[in-house]
Amino acid sequence: MSRSAASGTPGTPGLPGTWRRWHPRGGSLRRLLLVWLLSGLWVAVAVVTAVYCVQQMARQAELQDNTLRVALSFWPSARTSVAWSRESRLDGERLAGHPDLPPVPSTELPLPAAQGAVHFYTGQMDGRMARVAAALHRAAGDTPAVVRQVASPWSERWPDVGALVHDPGLRTVYALAAALSVLIAVVAQVAATWLRDADVALTRGEGGDAVYAGPSELAPSVTHLRELQRSQSRWIEEQRRFLADATHQLRTPMAVLRTQLQSAIHGDVLAADALQQMLHTVDRASGLANQLLSLTKVEQLKRVGQLPQVDLHTMARDAVMELAPLIAAKRLDFALEGPELSAPGDHALLGELVRNLLANAIHHTPAHGRMGVLLRDGTGQVELLVWDEGPGVDDAVRPRLFQPFSAAKGGVGLGLSICRQIGEAMGAEVDLFNRLQDGRVIGVDAVVTWGQGP
């Protein structure tokens with residue numbers, strides 16, 4: 001392991017001696033709110049209680065020291081206010097008082113010589129800690145100085161638990177904390193209810209039988225997620241139908257090819273004829289596979305976002321050049337007309353769209369007929385029009401021409417469907433119209449329309 005990997009950096013998870021930001025993982029939001037908010041609240045209450053106890057201990061300690069100081073000052077009348085008292089000579093010999101109270105230890109000597117000065121220290125009394133106060137007393141005349149001691153149990157410095165419980169300040173703090181705990185529990189329950197309402201609206205709202213009535217801040221998210229659900233459901237259903245149809249359509253040329261191979265093997269047809277038929281079948285299967293790949297590219301195009309501008313005239317010219325052999329084979333009179341225009345899209349997919357429309361027009365235009373591509377923007381919209389002199393489209397068939405695998409005659413029925421999907425992915429509409437003259441159909445116009453001109 002390298003030095004950098006072993007040492008780690010701040011924020012790198014899983015390495016010793018590093019830190020990382022904590023994020024809640026899993027669990028219930030209600031439990032999270034209750035645990036963390038209530039924990040913070042009662043930790044604050046515990047801190048307030050601890051501070052109050054420290055203050056009370058300081059007061060109790062000061063009160064005990066004052067009591068001991070007063071007992072020494074008003075000796076012997078005030079000795080009854082303390083637990084133990086003793087009067088001794090300087091050498092430690094007891095003169096009066098409690099015999100179990102030990103003389104002043106040598107570590108606490110010498111005592112302050114000033115009259116009334118009190119020295120405090122900690123001692124042992126009956127196996128318990130005690131607070132001891134000692135002072136040097138000098139009587140008038142030649143009377144020798146004596147040491148006076150008074151002591152009280154150390155436990156008197158601790159605050160009374162009962163007094164703490166009944167303290168008005170602490171009781172107010174506890175009451176407020178209890179009220180806030182109830183409020184936090186209610187808020188957590190309400191938040192959980194809002195989330196359940198949002199879940200119900202998302203789960204059952206597609207059919208319109210569940211209306212979200214939670215906070216307005218969550219409404220946009222619920223609406224957005226509902227739209228995503230519907231879009232995903234539509235996409236999944238479309239993909240399911242498409243895969244079913246594509247599987248069926250791909251199975252057909254494979255079965256035909258198998259039959260042709262069997263016929264060639266058994267000698268039912270001439271080898272040259274069989275190879276020609278198989279080549280035609282392979283071409284059909286290859287065309288279907290290419291169109292399926294085009295649909296995949298369309299799905300990718302839908303996720304691109306903003307599209308670049310494509311030169312429609314150059315793109316149409318390139319598509320025409322690719323199909324020029326087909327146009328020449330039928331000796332068609334072809335024309336590419338219109339100004340230099342551009343529209344948002346993808347150059348390759350737009351070329352696929354135009355090639356499909358041109359191939360369809362070439363197929364339906366009779367030999368020595370006319371067809372062409374026209375670019376125009378006179379109506380405030382950019383239009384690319386592929387026209388021909390074909391027999392026209394039956395009104396009963398026209399709505400189904402843009403559905404996958406619904407060809408009117410011949411082909412695999414994906415070309416026009418791909419055209420419409422490519423157009424929709426680029427914000428354009430694709431449609432077919434019969435061109436009429438004197439009440440009769442003289443051709444078909446395939447129109448690709450963008451909403452606004454560049």
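Leaving out residues up to four places away in sequence, Asp65 touches Phe120, Arg131 and Arg157, where contact means heavy atoms within 4.5 Å. The model is predicted, so local features need pLDDT of at least 70 and side-chain atom pairs count only at pLDDT 80 or more, while totals for chains, interfaces and linings use all residues. Residues are numbered from 1 along each chain as its sequence is written, and side-chain values use heavy atoms, without hydrogens and water.

Asp65 belongs to helix H2 (residues 29-73); helices (H or I, at least four residues) and strands (E, at least two) are DSSP runs, numbered from the N terminus. Asp65 counts as buried because its relative accessibility is 14%; buried means under 20% relative accessible area, exposed over 50%, and partly exposed in between (1.4 Å probe, protein chains only). The side chains of Asp65 and Arg131 are joined by a polar contact of 3.0 Å. Such a contact is a pair of N or O atoms within 3.5 Å; within protein, one must be able to donate a hydrogen and the other to accept it, and residues adjacent in sequence count only if both atoms are side-chain atoms.

Next comes a strand residue, Gln124, found in E3 (residues 119-125). Beyond its neighbours within four places in sequence, Gln124 is in contact with Pro102 and Met129. Between the C-alpha atoms of Gln124 and Leu101 there are 8.3 Å, with the two residues 23 apart along the chain.

Finally, Val190 sits in helix H4 (residues 168-204). With 33% relative accessibility, Val190 counts as partly exposed.
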